[in-house]
Protein chains: 2
Amino acid sequence: MEQTKFLLSEREIPERWYNVVADLPFALNPPLNPETREPVGPEALAPIFPEAIVLQEVSTERYIPIPEEVRGVYALWRPTPLYRARRLERALDTPAHIYYKYEGVSPTGSHKPNTAVPQAYYNREEGVRRLTTETGAGQWGSSLAFACRVMGLECTVYMVRVSYDQKPYRRIMMETYGSEVFPSPTDRTRAGRKVLEEHPDSPGSLGIAISEAVEDAATSEDAKYSLGSVLNHVLLHQTVIGQEAIRQMELSGEYPDVVVGCVGGGSNFGGIALPFVRENLLNGRNTRFVAVEPTACPTLTRGRYTYDFGDTAGTTPLMKMHTLGHTFVPPGIHAGGLRYHGEAPLISALVEHGLIEARAYPQNATFEAGVRFARAEGILPAPEVAHAIKAVIDLAQEAREAGEQKVILFNLCGHGHFDLAAYEQYLAGRLEDYEYPEEEIDRSLAGL
Amino acid sequence: MEQTKFLLSEREIPERWYNVVADLPFALNPPLNPETREPVGPEALAPIFPEAIVLQEVSTERYIPIPEEVRGVYALWRPTPLYRARRLERALDTPAHIYYKYEGVSPTGSHKPNTAVPQAYYNREEGVRRLTTETGAGQWGSSLAFACRVMGLECTVYMVRVSYDQKPYRRIMMETYGSEVFPSPTDRTRAGRKVLEEHPDSPGSLGIAISEAVEDAATSEDAKYSLGSVLNHVLLHQTVIGQEAIRQMELSGEYPDVVVGCVGGGSNFGGIALPFVRENLLNGRNTRFVAVEPTACPTLTRGRYTYDFGDTAGTTPLMKMHTLGHTFVPPGIHAGGLRYHGEAPLISALVEHGLIEARAYPQNATFEAGVRFARAEGILPAPEVAHAIKAVIDLAQEAREAGEQKVILFNLCGHGHFDLAAYEQYLAGRLEDYEYPEEEIDRSLAGL
């Protein structure tokens, strides 16, 4: 039987996270205070994050040990399997070898618990009793709810009201894990009350929910805040994905010519790519990296590399990143995890320095790729992942045309069992594609 | 790190199915023709099943080889992991060691593809072009849709109308795999039209949907019918679960004192239990087997062991089994997979001969167990599995009281990501429990 699955034992769960900052051939631009435009130090993060997380956020150490207790929880689903997509290869009639790392086997069905668990752990170790966060459709919120439960913390989730009302399943999942979930805007915070005074029927937004979660944490004695993407420490935790993938590719006897992932905030892409970036930087490898985003939110392909706020409300330190402007509001595409105006500063810098390339696709093309994948490999991918799959199929077809036997690896960061309504709309031909006129992007960027 | 996960490589996917019929210390009662009450031979099944399946249905061979192509598809998710539930053990403060086999990693999230794939394979090998089946909430239908897709068959699913309307997600999954799905009753079959004439607004039932799927297959040149539980060949295919579990328990260094599973038609329970039954029968083991059902459909605990129809319409051969009467209509509990009036003849016979014991629980107690499990182990179980978990928790607490270090194994046959509305109702205290007065069961059985 041809081998299609490459497994590691739980003893092979990585013992340390990989911090690419240690190996970058350029300096990272520090976050700035928006008023003084002076670099902000770690102390600016102390009111909302525990010390261990702040130190990781600014660390330049190459490796950071993973606490044994965190590895013990990882063992509930890690190491995740690496698959060779032989059926997809045959369906595409391509000489390319396609591999995927499957993160959908986690309890919440995505890669998000990889960082939720250590974040909950470090908070508990420093005496924090409760974590607050925001969530859109609920992928991140359900993962933090799970992590808080296993670490014995309380968890308060501010969920964008329109998702709270229309997509109840992940909310119920958070409640099943024991979290409290509020439709944001709420009357529990000044930020929320201010919005409700002006717009009593506000559907909410991720920006408002962030403001509420941060305010809740900053004004509580025993609570801190937790973020599921963008920041360095989040990408750091996700490097378990790529480290495992390197060992599993060794088992396959091959090495990826291309590594592909979808990008929203950048954490699943960073998770699989950064350990392979290390191999390029330190060990003479020459892998291509392709970050895939929606044309509806073309941060890397059409945004500007500049300082901008991380949140839409403009309250965070300024970060140097690719951005469409913090007031940019992408249309309601189904790949909700890719609707972010900015991009992780680490990923942005690697794109800016030419170590990572970027592509954008409209959503119908990505759903077509997602369905094709499901029909070949069985797993129904989340709409976010379908972006990566579209790029993989294109790369495989390019390989076929060039007669090259490329080895392609991508991160299948979550299943689509909570996204079937989107598949239905695609199958019924009711999905819209978005492509911005140049002036519209310019208008949004003009505010920076 | 304490080991919590026991993995096998894909080379260790079983090479043959185990047929317990070969080793039973008693004769099985044959199916009967309902009119003549004479035993029916395999020829009675030929119009709706391919020859290879019919031969498996009546086989007395101990082992039946698994085709390499089927093993290749199994490799998309098999071998499934075996976990030691250390966090649950600690939460229960029990000396018992609790293990679970996790079938939720399959593309459709349950054990059903274990039989859907070989059924599609044998049909294709015999020139069948299309399979028909019925489905309630869609667990089985989505698995057959997946299997037909990978084997290159068309698939027609008759889905009970009330589920079609109220639970669209699994229908969309079937359509994503490329199947056609009709709300039953339809006007495509005589059986469906007859119902619609009398009840134009009929919500449908599994019995009606079976009649439609069987009629469709029996009246089509190139179509056959496929069933997802109850019959011998279905339980046979599911024995990959128990065979893997035996090897994984060896890796753990322990052997189960008790094997637990939920029972509806009996296929997931048979799948994990029958290979361990073999060990009792042939190799001097003394494992207890506990089959768990809902008090709302207490087939094994309160039904009668007698000949009855397999379908509610009374069109199949009569099978000797535990039954509540084929006209018994269980209330709409959320464990839809356990709402069957009868029980697999194989499981029924083993219960009748004292090799398997049965327990029944009301649904609130099972959801309480399911939430407890999710909060300890992360995985949110399907409501069906929550019945098994309730029994496991009770057994673990009995072990604690007796001071015995029992080893308990159960089959976590599917995740609950499509069942979150049920969890919400439980958390809101809106679930009802059902316990039948003796007369009500008697009334249903009086018709036999």
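Residues are numbered from 1 along each chain as its sequence is written, and chains are lettered from A, with ligands numbered from 1, in the order in which they are written. Because the model is predicted, local features need pLDDT of at least 70 and side-chain atom pairs count only at pLDDT 80 or more, while totals for chains, interfaces and linings use all residues; side-chain values use heavy atoms, with hydrogens and water left out.

**The two copies**

The same surface serves both copies, since 100% of the contact residues of chain A recur in chain B, where contact means heavy atoms within 4.5 Å.

**The seven-stranded sheet of chain A**

Helices (H or I, at least four residues) and strands (E, at least two) are DSSP runs numbered from the N terminus, and two strands pair if DSSP finds at least two bridges between them. In chain A, seven strands form an open sheet with mixed pairing, in the order S1-S4-S5-S15-S10-S11-S14. Strand S1 (5–6) and strand S14 (357–361) of chain A stand at the edges, each with a single partner strand, so one side of each is left without a neighbour in the sheet. Helix H10 (residues 232–252) of chain A packs on this sheet, touching S1, S4, S5 and S15 of chain A, and its direction makes about 140° with that of S5(A); such angles run from 0 to 180 degrees between N-to-C directions, with axes fitted to C-alpha atoms, for helices over the stretch in contact.

| Strands | Sense | Bridges |
|---|---|---|
| S4(A) and S5(A) | antiparallel | three |
| S5(A) and S15(A) | parallel | six |
| S10(A) and S11(A) | parallel | five |
| S6(A) and S7(A) | parallel | six |

Within S5(A), Tyr100(A) is the bridge partner of Tyr83(A), while Ile98(A) has Ile408(A) in S15(A) as its bridge partner. Six of the six residues of S5(A) are buried, so S5(A) is largely enclosed by the rest of the structure; buried means under 20% relative accessible area, exposed over 50%, and partly exposed in between, with a 1.4 Å probe and protein chains only. His97(A), Tyr99(A) and Lys101(A) lie on one side of S5(A), with Ile98(A), Tyr100(A) and Tyr102(A) on the other, and all are buried.

**The four-stranded sheet of chain A**

A further open sheet has four strands in the order S8-S7-S6-S9 of chain A, with parallel pairing. Its neighbouring strands are turned by 25° against each other on average, direction ignored. Thr135(A) stands opposite Met159(A) in S7(A).

**Helix H9 of chain B**

Helix H9 (residues 206–218) of chain B is mostly covered, as ten of its 13 residues are buried, among them Ile208(B), Glu212(B) and Asp216(B). What covers these buried residues includes strands S6, S7, S8 and S9 and helix H8 of chain B.

**Cysteines**

Over all chains, a search finds zero disulfides, a disulfide being a pair of cysteine sulfur atoms within 2.5 Å. For Cys155(A), the nearest cysteine sulfur, that of Cys148(A), is 4.0 Å away, and Cys155(A) counts as buried at 4% relative accessibility. The sulfur of Cys297(A) is 13 Å from the closest cysteine sulfur, in Cys262(A), too far for a bond, and Cys297(A) is buried as well, with a relative accessible area of 1%.
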